[in-house]
Amino acid sequence: MSRRTFLVSAAAVAVSAGPLTTLARAVARAQKVLVIGLDGALLKRIKDADAPNLDALMAAGLTAPSSIYANPLAPTMSGPGWSTIITGVWPDKHNVKDNTFSGAKFAQYPDFLTRAETAKPSLNTYAVASWAPITGTVFSPKVDTRVSTPSAEYDTGTTARAVAKLRDGNPDAVFVQLDNIDHAGHSYGAASQQYLDAIQGADAQVGQLVAAVRSRATYADEDWLIMITADHGHTDAGGHGGSTLQERQTFLIATGPTLAAGSVRHDVKMPDVAASALAHLGIALDPAWDLDGRPVQQPAPDDFDALRGQLQTRVDETGIPTTILGFTHTPPAGWSVDNSAMGGGGVTEWRGWSFTTDEFWTQAQRDQNRECNVRARNVFAVADGDEWNDKALTGTFDSTLVSPAYPVTGGTTATLTYTTYYRQESPQKGEVLISYDGAAPVSVRTYTADVPSRTETVPLQVPPGARSVRVRFRYTGGNNWYWVIDGVRIGQ
């Protein structure tokens, strides 16, 4: 079934030239955003299809494959998916769990066009969608124009309306949702020719939208960030809502002034679309907004991400495709893993702390909440006693991940931050320990109960005279659950 201004900087740069002074005027191009949503589109099938416009955008900018959640955080459905993209936060914040939008917290976590209007009321904002709940429910009335395309017009009408707005109007931020790829996925499956045909049709409509932007009389004086994304994937047989990796697939294709042509990244997540749009519009991201997204224009790789080129294929795991590169036991430079108390045997991939990816780790065993590890990005560290125990072993799981020595200033307060996700079953325990200048480690945080995916902040009182600090993450247990660590940083 089918579902349904030009801103010129007034700043002048004075340039001193000895006794003479010349005035150079720095004229900033008007910053504008176009977000195109292709409902139910799979990046892999886009690459298989006849899609010259999307191919050209990938060649001109960034391509970032990504993945989303599954139950119990939320099913892989359009309500949670579009809400995540448009608000910049995951379902545990916006609280959309299905397509009814019951309990949605859009007042607390509004859409990015509403945030743009609040910060800069002079901006012209526009949203049009073939699936009416996007423009009727997710985007607020604060958006200048919201259009739910009549069913009879479907994606043809959505495209025509958006093209007219982009070509003839003066919008600053535009959101467009096209629905027919999802319709083909439901009716025929993602493995079908009809699904490829739907991608081809959407590609032509994307071409019309991009052409409308480039045909603008003021285009030379404008700075457009164009982003294309999807709310979820589809199974080969058709459908979504479950926990398979194919249903959990999404992506970002983006072109903009700071995005390198032909680049591929693995650190991008769905909430980054909203954050990137706001940043491009010159709107500061207020920490009080509690966004999960970060601007794609401002990458922040951590030490673990450097391991992507060292990842290996499976060894003992049988449910993970043999083609996927996804784990290593070799830590990044400066890090180490202490397995001196670690048991022997067990599943090779998870013997002690491992460095892995969502694509690899979640396929070790589906529907055990690994899919809810949404705030870790790219490569992360995991201690997984549950999976380790799936092969004959001796002893217990006792492994410690040890950070480099970070510089600190004695007598001050430092802050340890890291992303974590912890699932508990007794007698399992996770412990964070701190050591200054090589002294005996001291525990600063202990995990003995479930902790959802989140960023932890631990204040550290640095002893007088201390010059360095090292962090240890020790996981102990048997046939229990797991602990994820990512994005470890020390700040002062």
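These legends accompany several close-up views of a predicted model.

In this predicted model, local features need pLDDT of at least 70 and side-chain atom pairs count only at pLDDT 80 or more, while totals for chains, interfaces and linings use all residues. Residues are numbered from 1 along each chain as its sequence is written, and side-chain values use heavy atoms, with hydrogens and water left out.

**View 1. Strand 5 and its parallel partners, strand 6 and strand 7.** Helices (H or I, at least four residues) and strands (E, at least two) are DSSP runs, numbered from the N terminus. Strand 5 (residues 125–129) is mostly covered, with five of its five residues buried, where buried means under 20% relative accessible area, exposed means over 50% and partly exposed lies in between, for a 1.4 Å probe and protein chains only. Strand 5, helix 6 (residues 132–138) and strand 6 together make a right-handed β-α-β unit, right-handed meaning that, with the strands pointing away from the viewer, the path from the first strand over the helix to the second runs clockwise.

**View 2. Helix 10 and the elements that its buried residues pack against.** Eight of the nine residues of helix 10 are buried, so the helix is largely enclosed by the rest of the structure. The buried residues are D272, V273, A274, A275, S276, A277, L278 and H280, and they pack against strand 3 (30–38), helix 3 (78–87), helix 5 (112–119), strand 8 (222–229) and strand 9 (249–255). Helix 10 is followed by G282, which has a positive phi, near 80°.

**View 3. D305 in the loop between helix 10 (272–280) and strand 11 (327–328).** D305 is buried yet has no salt bridge, a term that requires a side-chain nitrogen of Lys or Arg within 4 Å of a carboxyl oxygen of Asp or Glu. The nearest side chain of opposite charge belongs to R294, 5.4 Å away; Lys and Arg count as positive and Asp and Glu as negative, whereas His and the chain ends are not counted. Leaving aside neighbours within four places in sequence, D305 is in contact (heavy atoms within 4.5 Å) with R377, N378 and V379, and the side chain of D305 reaches the backbone nitrogen of V379 at 3.3 Å.

**View 4. The open sheet of six strands, in the order 11-14-15-24-19-22.** The pairing in this sheet is antiparallel, and its edge strands, each pairing on one side only, are strand 11 and strand 22 (451–461). Strand 14 (residues 354–356) and strand 15 (residues 380–384) are joined by three bridges, and S354 has V382 in strand 15 as its bridge partner.

Technical notes
Polar contact = N/O pair within 3.5 Å; in protein donor to acceptor, adjacent residues only side chain to side chain. Pairing = 2+ DSSP bridges.
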